[in-house]
There are 2 protein chains.
Amino acid sequence: MKKQHYSIKDIAKANGVSVTTVSFVINGKAKEKKISKAVTEKILKYITKIKYKPNQIAQSLRTGKTNIIVFMVEDIANPFFANLARIIEDIAYEKGYRVLFCSNDNNDDKSLELINLFKDRAVDGFIIIPSSGIEKKIGELISEGVPLVLFDRYFPNLENNKVIVDNKKASYTATQHLISNNYKNIGFISTDVDQTQMLDRLEGYKNAVLEAGLTDSILRIPLRCIGIGDKKKQLETFLGENAQLDAIYFATNYLAITGLIVMKENFPSYITEKGIIAFDDIDLFKLYSPTITAVQQPLEQIATKLMDTMLNLLKEDSENLVSTVVLETELIERESTQKRFK
Amino acid sequence: MKKQHYSIKDIAKANGVSVTTVSFVINGKAKEKKISKAVTEKILKYITKIKYKPNQIAQSLRTGKTNIIVFMVEDIANPFFANLARIIEDIAYEKGYRVLFCSNDNNDDKSLELINLFKDRAVDGFIIIPSSGIEKKIGELISEGVPLVLFDRYFPNLENNKVIVDNKKASYTATQHLISNNYKNIGFISTDVDQTQMLDRLEGYKNAVLEAGLTDSILRIPLRCIGIGDKKKQLETFLGENAQLDAIYFATNYLAITGLIVMKENFPSYITEKGIIAFDDIDLFKLYSPTITAVQQPLEQIATKLMDTMLNLLKEDSENLVSTVVLETELIERESTQKRFK
DNA sequence: GTGAAAGCGCTAACAC
DNA sequence: GTGTTAGCGCTTTCAC
């Protein structure tokens with residue numbers, strides 16, 4: 001087996017030409033540099049024969065480009081992010097880019113460490129779902145001209161490329177759906193992070209509830225409740241103390257999952273008695289009994305827009321436009337929010 | 001903002017020494033190379049002051065090491081793989097390695113393309129869940145000495161590092177559990193790939209069923225049934241034609257999910273009437289009603305063993321041991337396989 | 001039309 | 001103890 005790696009020098013030597021000539025041919029500049037047809041073809045033939053593959057590390061060192069994009073999410077094990085990652089992966093590979101995924105746990109230190117790490121590796125661009133305390137670092141990246149797209153949440157004081165969904169509207173619509181199905185005591189369960197996506201979901205909920213002359217009931221679980229145990233306890237207390245609620249709106253898929261567990265364990269009757277709605281649509285919600293109404297984010301569109309934006313930033317002659325793409329969500333109505341009569 | 005990237009040369013110049021000296025100090029070889037304490041400290045201080053970060057690309061070009069490990073799974077959107085990926089990511093980062101995830105869709109062409117791609121990028125090692133037709137390529141990697149660990153399935157004719165679970169035993173135990181709970185007509189739903197993990201699960205099932213004097217009923221869905229629609233149709237037909245079954249054993253989590261969908265749509269009574277068991281434990285199974293009995297693979301252990309093996313291969317002085325780690329699974333008994341009386 | 005050579009940033013053998 | 005220098009594989013300017 002000839003496992004040997006050929007270099008451009010080997011090719012040059014074998015064909016009695018210089019490395020320059022070979023390089024020009026390889027990079028499709030034969031015409032432009034007026035390399036003769038004969039030489040061009042000879043080299044091309046040789047290259048395919050030995051299955052020459054350029055050393056990308058050397059290429060990167062020379063050009064400063066790595067063809068690697070970092071996609072930093074909260075947690076790659078969260079189905080929402082995993083599904084998104086999958087689509088992004090496919091688009092990127094097709095365009096000749098590789099994707100490095102990493103999870104920041106919505107933790108600032110980890111985020112900063114990862115960003116620095118990848119800057120040293122000279123990755124070409126960052127798609128980031130930022131934790132709340134890294135505004136300064138993001139600002140630095142922007143002013144350094146690093147190709148960067150934020151997703152899911154953003155920093156209102158920063159001007160940069162981002163793809164988001166209309167959380168306020170989505171949340172308003174979801175809440176209205178409950179209201180129009182006769183739910184009158186709607187609880188909202190979220191986390192206490194001050195990130196745009198969460199604040200918008202909260203605001204959408206509040207607007208709908210208050211407009212309808214109803215009372216809001218809000219639980220914002222402290223993010224520092226790290227263990228799932230803590231979260232469960234908080235949910236248990238809230239649900240126990242708010243038996244008057246006739247519907248519960250979970251602001252994320254994992255809160256909904258935890259909520260369903262807590263209900264199953266402590267208040268089994270709630271699952272059928274109360275309206276349930278969740279942000280993010282995952283397999284579970286389609287299969288659960290009752291099936292769970294959910295706000296579906298357009299994964300394909302999100303991935304496409306993210307990569308469009310990124311690829312645009314990566315183009316040599318990219319104009320320095322700053323774009324904000326706002327996508328619409330869809331409310332998938334299921335059994336858990338059926339019309340209520342009473 | 002001094003966004004400038006300092007190079008080793010800058011440091012040398014600023015301190016009136018040569019790059020060698022700087023390099024030695026940076027790489028902790030000051031003592032070994034007998035650099036004076038004064039110089040060492042001066043350089044060290046300067047380095048921290050300017051926050052020097054070595055250019056990893058140049059380092060890679062020089063050393064041939066990239067500190068990148070590829071983790072190739074079937075589909076990163078599958079929760080089993082996503083969860084595993086998450087743990088591997090954490091371990092790798094801690095050890096100074098980055099992980100490139102990629103999905104091969106259990107497709108040979110895609111697998112080969114990805115492997116070649118990453119070989120050109122000179123990644124340090126591969127953790128691969130191989131599709132069935134890439135035995136030759138895997139053999140090549142092995143004989144080239146590329147650090148490689150297979151997981152989940154393997155090629156019996158190849159000697160190489162691998163981490164697997166005892167699928168046969170797991171499957172036997174799962175089937176026995178059904179039998180001892182009085183199920184007498186157990187159907188087995190799998191795919192038609194000839195991969196070890198699937199064959200072992202099938203064999204474990206068969207052994208248990210035949211030992212008990214029962215009849216086997218097996219559906220092996222052709223892998224070429226790409227669309228979920230095709231799979232559903234096959235399942236629908238099988239379930240419809242085999243109404244006598246009193247239990248169904250799904251050989252993977254996604255088959256179980258599809259199965260649950262089909263049942264919900266076409267045979268809603270099956271869900272409570274028939275015993276249901278699945279390979280791989282995912283959130284859904286804990287939450288479903290009834291909760292679904294599942295074979296749980298030890299994710300933490302798997303990830304740890306995979307990375308142990310990999311890190312061992314990556315060590316300079318690694319002995320060329322070939323290890324096969326076989327891990328045990330655990331049957332999580334839930335409502336879907338409760339004892340049956342009839 | 002083609003080649004020589006500089007240089008990307010780093011490591012390490014060798015020289016002094 | 002410290003410096004000089006070759007070279008990893010590639011791109012590209014400049015020279016002929």
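This report walks through the domains, the chain pairing and the DNA-facing surface of a predicted model.

Let us start with a single chain.

| Domain of chain A | Residues |
|---|---|
| domain 1 | 8–54 |
| domain 2 | 68–165 + 299–327 |
| domain 3 | 167–297 + 331–337 |

Taken over C-alpha atoms, the centres of domain 1 and domain 3 of chain A are separated by 63 Å.

Now to the pair. In their interface, 37 residues of chain A are in contact with 37 residues of chain B. On the side of chain A that touches chain B, two or more residues come from each of α4, α5 (79–94), β2 (98–103), α7 (135–143), α11 (253–266) and α13 (283–287). Of these, α5(A) gives the most, with six residues. By class, this side of chain A has 19 nonpolar, six polar and 12 charged residues. Because 100% of the interface residues of chain A are also interface residues in chain B, the copies meet through the same surface.

Finally, the DNA. There are 26 residues around DNA strand C, and A:Ser18, A:Thr20, B:Ile8, B:Asn55 and B:Ala58 come nearest. The largest share, five residues, comes from α4(B). The surface near DNA strand C has 11 nonpolar, 11 polar and four charged residues.

Definitions and conventions: Residues numbered from 1 in each chain as written. Chains lettered and ligands numbered in written order. Predicted model: local features only at pLDDT ≥ 70, side-chain atom pairs only at ≥ 80, totals over all residues. Near = placed C-beta within 6 Å. Helix = DSSP H or I, 4+ residues; strand = E, 2+ residues; numbered from the N terminus. Nonpolar A, V, L, I, M, F, W, Y, C, P; charged D, E, K, R; others polar. Contact = placed C-beta atoms within 7 Å. Domains from an automatic or database assignment.
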